[in-house]
Amino acid sequence: MFVVILHLVALVLSYFIFSDNKIWFIVSEVFIIISIVIASALYRELIQPLKTLMQGVEAIKDKDFNVKFLSTGKHEMDELIAVYNQMMDELRTERTRQEQQHFFLEKLIFTSPTGIIVLDYDSNVQQINPKALQILSVDSADVLNYPIDKLQHPLFTQIKQLRSGETIVVKPDGINTYKLQKSHFIDRGFSRHFIMIEDLTAEIVAAEKNVYGKVIRMMAHEVNNTVGPVNSIMQSALKNDQLWEGHRFNDLKDALQVAMDRNQNLNHFMRNFAELVKLPAANKKSVDLHQLIHSVSKLMDLKAREKAVIFEFYLAEGPFYIQADEQQMEQALINIVKNAIEAIEKQGVVSFTTIPGRKSLIIADTGAGIEEAHVSDLFSPFFSTKKDGQGIGLTLVREILTNHNFDFSLKTTAAKQTEFTIIFN
């Protein structure tokens with residue numbers, strides 16, 4: 001606009017100054033026209049780099065780092081283009097590297113054998129991987145974008161108490177053991193937290209089994225080395241009729257018989273413990289769970305009648321087939337039902353419920369329930385709440401179900417019912 005106005009003024013002035021001299025007027029007009037051409041060229045030289053720069057800025061705004069400019073043959077312009085092209089190459093390389101790292105991190109989180117929960121700036125659950133969903137037994141829609149303080153789960157209760165950098169080991173249901181670790185990272189200048197949930201159940205069960213296996217083998221060796229010869233001596237004495245003539249030593253004979261019976265009980269006791277460490281691999285076949293339940297209930301019916309306990313069945317229609325070792329599963333169900341009956345002091349109900357959709361079995365009893373202090377020890381070897389308990393019933397159940405890779409839980413409901421749930425994966 002400035003150049004146009006300037007040349008218009010020059011044209012008007014030349015007209016008034018050289019109006020009487022046509023030659024000088026023509027010359028002045030020629031110079032003005034030449035000036036206009038030069039000014040126009042200079043204007044284009046000035047504006048072109050700016051237009052090119054604006055195109056580059058728009059490409060950067062659109063995050064299109066593939067836009068590059070060709071050389072023009074003009075030194076100043078080419079220097080600007082070279083700097084721009086170099087900057088775009090570096091931005092494109094950096095974006096590719098960031099995308100690769102992000103993809104790798106996403107893949108790592110998704111496939112991690114450790115449960116990972118990533119929180120946003122407000123401690124809402126922003127991301128949760130499949131392992132964490134499996135451990136928590138929830139759907140992603142039930143936790144994503146919810147504040148972690150509002151989520152109801154025994155593990156979340158423990159997570160709320162964790163501070164960044166802390167690690168604890170918990171056993172919320174008395175069966176599974178988890179290692180919880182809370183940490184943080186810096187995202188765009190602000191701190192964000194994430195939680196890792198590591199399932200230690202298999203490692204701890206294996207370590208426990210190794211320890212009590214050694215103890216049982218040592219005990220069995222010592223007991224067998226002692227009981228065998230002692231029983232042999234007492235048996236020989238009892239068969240010697242000359243010793244018992246006249247019936248003067250009948251009390252001694254009875255005492256020897258009692259001692260032999262106690263030795264036999266001790267042998268039976270040790271055999272029960274030995275079963276824990278000699279459990280063979282599950283020979284899985286198609287088994288009708290409903291038929292197995294009825295078989296176990298008939299077997300335990302006499303024991304149930306002694307306490308006026310009745311069995312109730314809430315079984316789905318038709319057969320319920322599972323892949324299991326029938327003998328091992330029968331032993332596990334016997335132990336569970338036996339515990340349920342013994343938990344009832346007098347008169348009660350033991351119920352069996354099958355849910356085909358979840359492929360699960362729930363065995364519930366109306367006993368006194370489980371004390372909170374005992375929950376974490378129920379499946380531990382040698383632990384029992386009974387006066388004369390050996391502490392192998394639920395331990396054997398745990399070994400059998402773990403041997404089958406079945407999930408299970410034991411809890412007391414609000415109605416004070418004890419529920420043992422098995423999920424046949």
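Strands here (E, at least two residues) and helices (H or I, at least four) are DSSP runs, numbered from the N terminus. This is a predicted model, in which local features need pLDDT of at least 70 and side-chain atom pairs count only at pLDDT 80 or more, while totals for chains, interfaces and linings use all residues. Residues are numbered from 1 along each chain as its sequence is written, and side-chain values use heavy atoms, with hydrogens and water left out.

**The sheet around E10**

Six bridges pair E9 with E10 in the antiparallel sense; two strands count as paired if DSSP finds at least two bridges between them. Strands of a sheet pair through backbone hydrogen bonds, either parallel or antiparallel.

Now show the whole sheet. It is open and has five strands, ordered E7-E9-E10-E12-E11, with mixed pairing. Strand E7 (309-314) and E11 are the edge strands, and each has a single partner strand, so one side of each lacks a neighbour in the sheet. On average, neighbouring strands of this sheet are turned by 15° against each other, direction ignored.

Select Thr421, which lies in strand E12 (residues 418-423). Its relative accessible area is 9%, so Thr421 is buried (buried means under 20%, exposed over 50%, partly exposed in between, with a 1.4 Å probe and protein chains only). Apart from neighbours within four places in sequence, Thr421 is in contact with Arg358, Leu361, Ile362, Asp407, Phe408 and Ser409, where contact means heavy atoms within 4.5 Å.

Next select Lys411 in strand E11 (residues 407-412). Lys411 is partly exposed, with a relative accessible area of 46%. Leaving out neighbours within four places in sequence, Lys411 is in contact with Gln417, Thr418 and Glu419. To leave this region, draw a line from Lys411 to Val143: they are 268 residues apart in sequence and 23 Å apart in space, C-alpha to C-alpha.

**A second sheet**

Another open sheet of five strands runs in the order E2-E1-E5-E4-E3, with antiparallel pairing. Strand E2 (125-128) and strand E3 (167-170) are at its edges with a single partner strand each, so one side of each has no neighbour in the sheet. Neighbouring strands are turned by 25° against each other on average, direction ignored.

Within this sheet, select residues 115-119 for E1 and 190-199 for E5; these strands run antiparallel and are joined by four bridges. Gly115 has Ile197 of E5 as its bridge partner.

**Two helix pairs**

Select helix H2 (residues 22-61) and helix H3 (residues 75-111), which pack at an angle of about 5° with axes 11 Å apart. Axes are lines fitted to C-alpha atoms, for helices over the stretch in contact, and angles run from 0 to 180 degrees between N-to-C directions. H2 and H3 are therefore roughly parallel to each other (angles under 35 degrees count as roughly parallel, over 145 as roughly antiparallel, 65 to 115 as roughly perpendicular and the rest as oblique). The residues in contact include Gln48, Pro49 and Thr52 of H2 and Met77, Leu80 and Tyr84 of H3.

Finish with helix H10 (residues 326-343) and helix H11 (residues 393-403), whose axes come within 9 Å and cross at roughly 145°. Among the residues that meet are Gln328 and Met329 in H10 and Gly393 and Leu394 in H11.
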